[in-house]
Amino acid sequence: MWRIMILGLVQGLTEFLPVSSSGHLIVLRTFFGLSSHGAEMEVALHVGTLLAILVGYRNDLLELLKGLMNKKKWARRTTALVIVATIPAVVIGYALEDWISQWFFPLAVGAGWLMTTAALWLTPPATYGEKRITSLTWVSALIIGVAQSVALWPGLSRSGTTIFAGRVLGLAPQEAARLSFYMAIPVTLGASVLTLAPANHLLSGGSQGAIVFGMGMAAISGIFAIEWVKHALATTRLWRRFGWYTLILGGATFWLGGF
């Protein structure tokens, strides 16, 4: 059960904090032999992070849903921009899946963490940017989507990269975070389907209690991480401190990996 607790905590925290969940999971598996051992648990962890987004942004998402039902222009545009921003990762992830998977080893993760450090340190200060999501152009949405697709590289944080791109393009800090986490919803759903599909069965094997526990740990830690990101973006110094963390991880991974 301790293994599931650690995996749930790592998945929930690192999926949303700008430190790369894929990088942490690869390092845990390689150096400590810690992995989910099954499609059911991997899907449970993904569902846990999805629940974290739904809870963390429940008011915003309900408002968006009401806006769509009432055919509000802002709601339609927000949804369309999220879809456009999601397309690059879907296309590139599908087309280059085999090639990307070849780089899931510690040295590649170390390089990804160093790139994450650069993105975090180059993110504009909290006082920069006032745009709302609906103010983005379609090209800007595509650029943020390309940033998300680049983050398919292990160790390169999806949230850190997309928030960096949004901030550079003028989004206000909380708007950049909102867009990043909205974009995570279809990505997380897709990852769950792709993980479960090869197993060719519904969630069944293993302990149901363990699966629910892992999902719960990922959800609770994910909610905490989302709030942490919101707070960090409002304080330039705190946001950039994550860069020191990924820099240390990158250096340590190069050393342990025998670079």
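**Exercise 1.** Is Ile83 buried or exposed?

Solution. Start with the cut-offs: buried is under 20% relative accessible area, exposed is over 50%, and partly exposed is in between (1.4 Å probe, protein chains only). Ile83 has 51% relative accessibility, so Ile83 counts as exposed.

A quick word on what you're looking at: this is a predicted model, where local features need pLDDT of at least 70, side-chain atom pairs count only at pLDDT 80 or more, and totals for chains, interfaces and linings use all residues. Residues are numbered from 1 along each chain as its sequence is written, and side-chain values use heavy atoms, leaving out hydrogens and water.

**Exercise 2.** Work out where Ile83 sits and which helix it belongs to.

Solution. Ile83 lies in helix α5, which covers residues 73-95 (helices are DSSP runs of H or I, at least four residues, numbered from the N terminus).

**Exercise 3.** How do α4 and α5 pack?

Solution. First, get the angle: helix α4 (residues 58-69) meets α5 at about 115°, and their axes are 7 Å apart. Axes are lines fitted to C-alpha atoms over the stretch in contact, and angles run from 0 to 180 degrees between N-to-C directions. Next, name it: 65 to 115 degrees counts as roughly perpendicular, so that is how α4 and α5 lie to each other.

**Exercise 4.** What is the exposure of Glu97?

Solution. Find Glu97 in helix α6 (residues 97-101). Its relative accessible area is 45%, so Glu97 is partly exposed. Finally, look along the chain: Leu152 is 55 residues apart from Glu97, with their C-alpha atoms separated by 9.3 Å.

Technical notes
Helices (H or I, at least four residues) and strands (E, at least two) are DSSP runs, numbered from the N terminus. Angles under 35 degrees count as roughly parallel, over 145 as roughly antiparallel, 65 to 115 as roughly perpendicular and the rest as oblique.
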